[in-house]
Amino acid sequence: MVSAWGVLHSMSNDRSSLADKTVTAATRRRVWEFARRWRGWISAFMVTTIAATFLGLVAPLVIREIFDSAIAEGDGGYLNVLFGVLIAAALGEALLALLARRLSSGIGEGLIFDLRLGLFDHVQRMPLSFFTRTQTGTLVSRLNNDVIGAQRAFTGTLGTVVSNVITLGATLVTMFWLEWRLTLLAVVILPVFVLPARRVGKGLQAITREGMNLNASMNNTMTERFNVAGALLVKLFGRHDDEAADFADRAGRVRDIGIRSALYSQIFLIALTLVGAVGTALIYWLGGHLAIDGSLSAGTLVALGLYTVRIYVPLTSLSNARVDVMSAFVSFERVFEVLDSPNPITDRGDARELRRPEGRVEFRGVRFAYPVADTAPQSLKAAEDSTKAAAAPEAKPDDAAARAEPVEVLSGIDLSIDAGQMVALVGPSGSGKTTLVSLVPRLYDVTAGAVLVDGADVRHLTQASLRAAIGTVTQDPHLFHDTAAANLRYAKPGASDEQLAQACRAARIHDVIAALPDGYDTVVGERGYRLSGGEKQRLAIARMLLKAPAIVILDEATSHLDTENEALVQEALTEALRGRTSLVVAHRLSTIVDADLIVVLDDGVIKESGSHDQLRAAGGLYAELYEGLLKAENAPSQASGGAEP
């Protein structure tokens with residue numbers, strides 16, 4: 001039998017939006033199909049729950065027999081037998097409850113594992129456009145709250161509904177069999193409790209919803225203020241007191257809500273206890289008169305009093321059963337919504353491995369436009385960003401997505417890069433440089449034409465083998481909140497300490513890491529904030545060197561570095577690029593001049609290509625960009641960076 005606390009928790013959940021919802025047959029079939037491997041456990045759980053429910057009916061009947069037979073007839077031997085039956089029934093019910101709990105926890109935790117793993121694996125394989133349009137917090141909530149809600153469909157809601165139905169039905173049948181008049185009296189009292197209880201439930205839903213919103217707001221504030229960038233901003237603007245006051249206001253409201261919730265909860269529990277007491281008192285009052293008249297035995301009266309308490313909580317719980325079931329199924333629908341998000345970038349059935357990559361890259365008639373079709377479910381997007389996505393650097397997919405027709409970012413790109421060749425991509429901001437290099441590891445698929453690696457269309461290769469052959473370093477490399485060694489081993493999990501040190505020496509970062517408090521076991525902080533920009537860059541280069549790729553992509557890897565750091569990074573890059581094919585999105589003179597081939601992009605097309613000397617002599621766009629860059633780098637006020645060519 002469900003406890004009063006369980007009913008209270010059920011009533012406190014804010015599910016007003018579920019009142020008119022229905023569950024489709026397709027959803028029910030899919031849920032049952034998803035739980036296929038747990039069907040044996042579910043069946044065992046149902047049988048155990050039913051057995052425990054019926055065993056719980058034994059005690060009042062045995063007590064009735066003690067009063068009417070053993071005590072009335074003075075039969076001590078029979079009393080001993082009945083005592084043994086009571087103990088056995090209690091032990092049996094306890095063992096069945098333990099078994100049911102073991103089964104329900106196995107089913108629930110197993111479902112959580114299956115759902116979370118399925119969601120995590122599906123989401124991490126989604127294209128970048130999915131993540132630019134998705135709220136991270138909402139996505140994490142699907143992996144936590146909605147998965148747990150779906151799990152409750154089997155372990156909580158299913159078990160509770162079955163237990164309540166069986167308990168209520170069996171108890172009422174037994175009570176009617178014992179004395180139908182007293183049973184009707186017990187049932188008639190129920191509306192006196194249920195109607196006020198539902199009003200209490202609505203009040204609990206309202207304050208619970210408000211409390212959840214305030215807690216979510218506080219969590220968001222702490223997430224933003226407690227990361228390094230947020231903490232730095234607060235300090236620089238000296239807003240500590242204002243932040244504390246704002247947080248105190250919300251925390252105070254949560255405190256007040258907690259007090260109100262406690263009062264509502266206590267009122268509910270007092271009402272439930274009171275109705276149970278009143279119902280039991282009425283049973284004993286009227287039943288006592290019947291016993292005095294001789295139309296009812298004392299044992300039957302005692303049994304009816306015990307059964308009366310058993311019917312109120314199940315009846316109250318079942319009054320919310322439909323909403324409980326809907327809540328559980330809605331959680332499943334929200335999980336399925338993410339699982340059903342289409343992934344346009346998948347391996348073909350006949351995709352082959354890229355073995356022994358040489359590093360030849362070819363763009364053959366490549367045209368590309370960011371797709372208008374959106375892979376992210378509407379419910380995962382930011383409220384203020386339902387029609388627009390965050391743009392990738394220079395690519396601006398939002399502008400394309402916001403229009404009825406996709407806008408081409410690249411148009412007719414033909415470019416052949418030999419193995420071991422270094423190609424610098426230059427051009428004005430928004431010319432398509434980052435988009436072009438993103439097509440090589442197949443972060444996006446071309447709209448027309450083909451990108452080939454070692455003569456094979458990247459769409460015909462497995463993504464794992466293609467990306468294993470490519471190493472990328474961006475202008476702001478991401479480091480996990482973990483040790484330096486763990487961040488390095490992300491590229492090669494089995495790398496030895498000596499291999500780490502060797503890669504770091506090549507990247508000119510070994511001495512820096514060795515000087516940290518715990519050396520390679522030092523936690524670098526969220527996004528690597530314990531390291532300078534140049535140190536992060538060199539650590540990222542070391543990570544790429546551990547991967548030992550045939551193709552290297554550098555996306556403005558030195559754009560925000562000062563002269564000293566740039567020199568160190570350039571040394572590391574010289575080591576990293578030796579013997580490898582490299583595509584470099586660059587705006588530093590040192591990188592551009594040393595390239596084997598310079599490709600000038602503008603408005604998504606190749607305007608010029610050739611060596612540095614050839615392009616300067618031609619006097620075209622590159623010459624203009626180069627002269628502007630030369631002036632910027634020579635200007636004292638811009639010694640650490642300049643305009644992009």
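In the predicted model, F480 is partly exposed, with a relative accessibility of 36%. Its ring is paired with that of Y490, the two centres lying 5.1 Å apart. Because the planes of F480 and Y490 meet at 55 degrees, the pair is classed as tilted. Y490 itself is exposed, since its relative accessible area of 59% is over the 50% cut-off. F480 is placed in the loop between β6 (470-474) and α17 (484-489), whereas Y490 belongs to the loop between α17 and α18 (497-506). The pair therefore ties together parts of the chain that are 10 residues apart in sequence.

Aromatic pairs number five in the structure. Another of tilted geometry is formed by F368 and Y444, whose ring centres are 5.7 Å apart and whose planes are at 55 degrees. This pair links distant parts of the chain, 76 residues apart: F368 is located in strand β1 (residues 361-369), and Y444 in the loop between α15 (433-438) and β4 (448-453). Both F368 and Y444 are buried. Ring pairs also bring in Y370, so that F368, Y370 and Y444 are linked into a cluster.

A separate feature concerns the surface. F83, I87 and L91 make a nonpolar surface patch of about 310 Å². Of these residues, I87 is found in helix α5 (residues 76-124). The relative accessible area of I87 is 39%, and this residue is therefore partly exposed.

Conventions
Residues numbered from 1 in each chain as written. Predicted model: local features only at pLDDT ≥ 70, side-chain atom pairs only at ≥ 80, totals over all residues. Heavy atoms only, no water. Patch = residues over 30% accessible without salt bridge, like charges linked within 9 Å, V, L, I, M, F, W, Y side chains within 5 Å. Areas by Shrake-Rupley, 256 points an atom, 1.4 Å probe, with all protein chains shown as cover. Salt bridge = Lys/Arg side-chain N within 4 Å of Asp/Glu carboxyl O. Helix = DSSP H or I, 4+ residues; strand = E, 2+ residues; numbered from the N terminus. Buried < 20%, exposed > 50% of the residue type's maximum accessible area, 1.4 Å probe, protein only. Phe/Tyr/Trp six-rings, centres within 6.5 Å; stacked < 30°, edge-to-face > 60°.
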